[in-house]
Amino acid sequence: MRIIITKDYDELSKKAAEIIIGVVKNKPNAVLGLATGTTPLGLYGELKVDRDKNGTDYSKVRAVNLDEYAGLGADNKNSYAYFMRENLFNGLNIDLKNTYIENGAAADGAAECKRYDALLESLPRDIQLLGIGSNGHIAFNEPGTPFGATTHTVELAASTVKDNSRLFDSIDDVPRKAYTMGLKSIMRSRSILVLATGANKAEAVKNLVNGEITENVPASVLQLHPDCTLICDSAAAALL
Ligand code: GLP
């Protein structure tokens with residue numbers, strides 16, 4: 001694993017943007033695996049600034065997202081589909097038809113997971129962006145998820161519901177279930193870029209980099225990926 005420690009969040013976001021922009025310039029029809037959460041917001045801001053300033057072209061880029069809350073349709077302002085349009089896609093010249101995410105409003109969850117797996121098979125990712133949960137989760141693969149998992153429905157851990165409640169009006173509004181790309185599918189991306197910021201991620205980062213490879217820490221599987229880069233700020237790197 002390549003590890004880049006930055007002095008702060010701003011530098012982390014700029015370094016991550018350089019990597020993503022490099023992928024797109026090198027391959028105009030690249031498939032980007034994208035993530036939600038607050039961590040990639042700085043990166044997404046940098047990509048939009050670069051698009052305005054330098055005209056980096058996303059017209060042929062395809063984007064697949066990691067996860068979505070079950071029960072929230074794409075127009076719900078707390079859905080990840082909405083988050084991606086608001087925080088990234090609307091600021092790039094990406095064709096929304098080339099952006100993919102699980103359908104949170106699907107009536108048949110099992111069928112939706114199958115549909116998403118087939119889609120992932122047809123769109124091998126050039127790079128997969130990841131944040132990390134304070135309990136070591138990636139996407140919504142909570143501790144205990146088998147490394148062989150493909151897209152599935154998850155019951156969110158209480159700590160994840162609490163962590164994510166800051167983005168909702170009330171903790172009662174946070175869905176308890178979600179769809180997530182599985183760890184097996186994440187590992188199939190050609191390259192992986194993990195971002196971590198702040199002291200509350202320091203323990204998870206320590207376990208990701210130096211911990212035992214165990215299903216109790218989903219992010220630890222990334223130690224087995226041949227092309228994984230971690231960028232973390234000094235607070236998140238404090239226990240390395
Ligand atoms: C959520 C998302 C993850 C994300 C994690 C960390 O649970 N499903 O993909 O990495 O939160 O979020 P944040 O970046 O806001 O700390």
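Reader: Is D227 buried, exposed or partly exposed?

Author: The model is predicted, and the answer is computed from it. D227 has a relative accessible area of 28%. Buried means under 20% and exposed over 50%, so D227 counts as partly exposed.

Reader: Which side chain does D227 meet in a salt bridge?

Author: Start with the general idea. Side chains of opposite charge can pair when their charged atoms come close. In this structure D227 pairs with R2, with an N to O distance of 2.9 Å. The two residues sit in distant parts of the chain, 225 residues apart. R2 belongs to strand β1 (residues 2-6), while D227 is in the loop between α7 (202-210) and β10 (228-233). R2 is also partly exposed, at a relative accessible area of 48%.

Reader: How many salt bridges does the structure hold?

Author: Twelve. One of them joins K14 and E46, whose closest N and O atoms are 3.7 Å apart. The cut-off for a salt bridge is 4 Å, so this pair is counted. K14 lies in helix α1 (residues 9-26) and E46 in helix α2 (residues 41-54), so the bridge ties together parts 32 residues apart in sequence. K14 is partly exposed, with 41% relative accessibility.

Reader: Which residue pairs with R85?

Author: D75 does, in a salt bridge of 3.4 Å from N to O. R85 is part of helix α3 (residues 80-87), and D75 is in the loop between β4 (67-69) and α3, so the parts tied together are ten residues apart in sequence. D75 has a relative accessible area of 68% and is therefore exposed. Salt bridges can also share partners: K7, E11 and K15 are joined into one network in this way.

Reader: What distance separates a polar side-chain atom of K201 from an oxygen atom of the ligand?

Author: For a polar contact, the pair of N or O atoms must lie within 3.5 Å. The K201 distance is 2.6 Å. The side chain of R166 has an N or O atom 2.7 Å from a ligand oxygen, and for H137 the corresponding distance is 2.9 Å.

Reader: How much of the ligand's area does the protein bury?

Author: The comparison is with the ligand taken alone, which exposes 390 Å². The protein buries 95% of that area.

Terms used
Residues numbered from 1 in each chain as written. Predicted model: local features only at pLDDT ≥ 70, side-chain atom pairs only at ≥ 80, totals over all residues. Heavy atoms only, no water. Helix = DSSP H or I, 4+ residues; strand = E, 2+ residues; numbered from the N terminus. Buried < 20%, exposed > 50% of the residue type's maximum accessible area, 1.4 Å probe, protein only. Polar contact = N/O pair within 3.5 Å; in protein donor to acceptor, adjacent residues only side chain to side chain. Areas by Shrake-Rupley, 256 points an atom, 1.4 Å probe, with all protein chains shown as cover.
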